[in-house]
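I opened this entry to look up a few helices and the aromatic rings. My notes follow in the order I made them.

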Amino acid sequence: DYGLPTAWSVLPGQESAAFARLPAIFPAPSAPPVADVFYVHPTSYVGAKWNGPVDDAGLNAATDRVATRIQASAFLDCCVVYAPRYRQANGTAFTYPSADGDQALDLAYGDVERAFLAFAARRARGAATGIERPFIVAAHSQGTMLLYRLLRQQVSGRALRSRLVAAYLIGGLITQTDLAKDLPDIPVCAAKEQTGCIVAWNARGPQYQPSSFE
């Protein structure tokens, strides 16, 4: 239930353990942030179930400390950060693709999509001036694969597309061929001043073997 603060790693208006010690590193900006960012964390679950629980205090603390604090904090100077928890798929859904793994990924995606719709609704309620705030989407690894699907199903070709500043799809196999087919109205960023575009890269060792899911 993304109407509950407990469903989020970071949510505006609530104290967050994810950013508890960051003020010494990131002082408060001199002006209010002008945009919002929707951040989807990478795999942090290493248990035996197909999907990681969202009510596991230890898992949530690890996600906040190792993923949100390190990655989402990059946007603190520019943006109000929203970072949902979700029932992330076990890593074997990527390394050993199967029907069960696909179902686990579908479950994880369903959570991320609902979180994004809650994010969009919250932003709409906050647009008292009638001017909708711009937004960024950002993710890493499993979060990137789920966010790529989200862009296809909830942003591309829709009204939200006009407010997209950039999509940071990090740590996933994102190709220009797939982008042209799946997201024809969201190009690859070609200049640092460009907006409404995608930034993506992935560093891999020489022994990496991509899964069939990718």
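I take helices as DSSP runs of H or I with at least four residues, numbered from the N terminus. The model I am reading is predicted.

**Entry: α3**

I looked up Phe116 and Phe119 in helix α3, which covers residues 99-125. They are three residues apart there, so about one helical turn separates them. I found both Phe116 and Phe119 buried.

**Entry: α1**

I checked the length of α1 next. Helix α1 has 15 residues, 57-71. At 1.5 Å a residue I expect a span of 21 Å. The end C-alpha atoms are 20 Å apart, which agrees.

Where is the kink in α1 centred? I located it on Asp64, with an angle of about 35°.

I then looked at the N-terminal end of α1, which Asp56 caps. A side-chain oxygen of Asp56 lies 3.0 Å from the backbone nitrogen of Gly58.

For burial in α1, I list Leu59, Asn60, Thr63, Asp64, Ala67, Thr68 and Arg69. What do the buried residues of α1 pack against? I noted the strands β1 (8-10), β2 (35-40) and β3 (79-84).

**Entry: Gln142**

Gln142 lies in helix α4, residues 142-155. Is Gln142 buried or exposed? Its relative accessibility is 0%, so I count Gln142 as buried; the cut-off for buried is under 20%.

I listed what Gln142 touches, leaving out residues up to four places away in sequence. The contacts are Pro42, Thr43, Tyr86, Gln88, Ala89, Phe94, Leu105 and Ala108.

**Entry: aromatic pairs**

I describe a pair of aromatic rings by the distance of the centres and the angle of the planes. Centres within 6.5 Å make a pair. By this rule I get nine aromatic pairs. For Tyr2 and Trp8, the ring centres are 5.5 Å apart and the planes stand at 75°. Over 60 degrees counts as edge-to-face, so I file Tyr2 and Trp8 as edge-to-face. Tyr2 is buried at 13% relative accessible area. Trp8 is buried too, at 3%.

I went back to Phe116 and Phe119 for their rings. Their centres are 5.6 Å apart and their planes lie at 40°, so this pair is tilted.

Which residues form one aromatic cluster? I wrote down Tyr2, Trp8, Phe38, Tyr82, Phe116, Phe119 and Phe135.

Technical notes: Residues are numbered from 1 along each chain as its sequence is written. This is a predicted model: local features need pLDDT of at least 70, side-chain atom pairs count only at pLDDT 80 or more; totals for chains, interfaces and linings use all residues. Side-chain values use heavy atoms; hydrogens and water are left out. Helices (H or I, at least four residues) and strands (E, at least two) are DSSP runs, numbered from the N terminus. The expected span of a helix is 1.5 Å times one less than its number of residues. The bend at a residue is the angle between axes fitted to the seven residues ending there and the seven starting there. Buried means under 20% relative accessible area, exposed over 50%, partly exposed in between (1.4 Å probe, protein chains only). Contact means heavy atoms within 4.5 Å. A polar contact is a pair of N or O atoms within 3.5 Å; within protein, one must be able to donate a hydrogen and the other to accept it, and residues adjacent in sequence count only if both atoms are side-chain atoms. Rings of Phe, Tyr and Trp (its six-membered ring) pair if their centres lie within 6.5 Å; planes under 30 degrees apart count as stacked, over 60 as edge-to-face and the rest as tilted.
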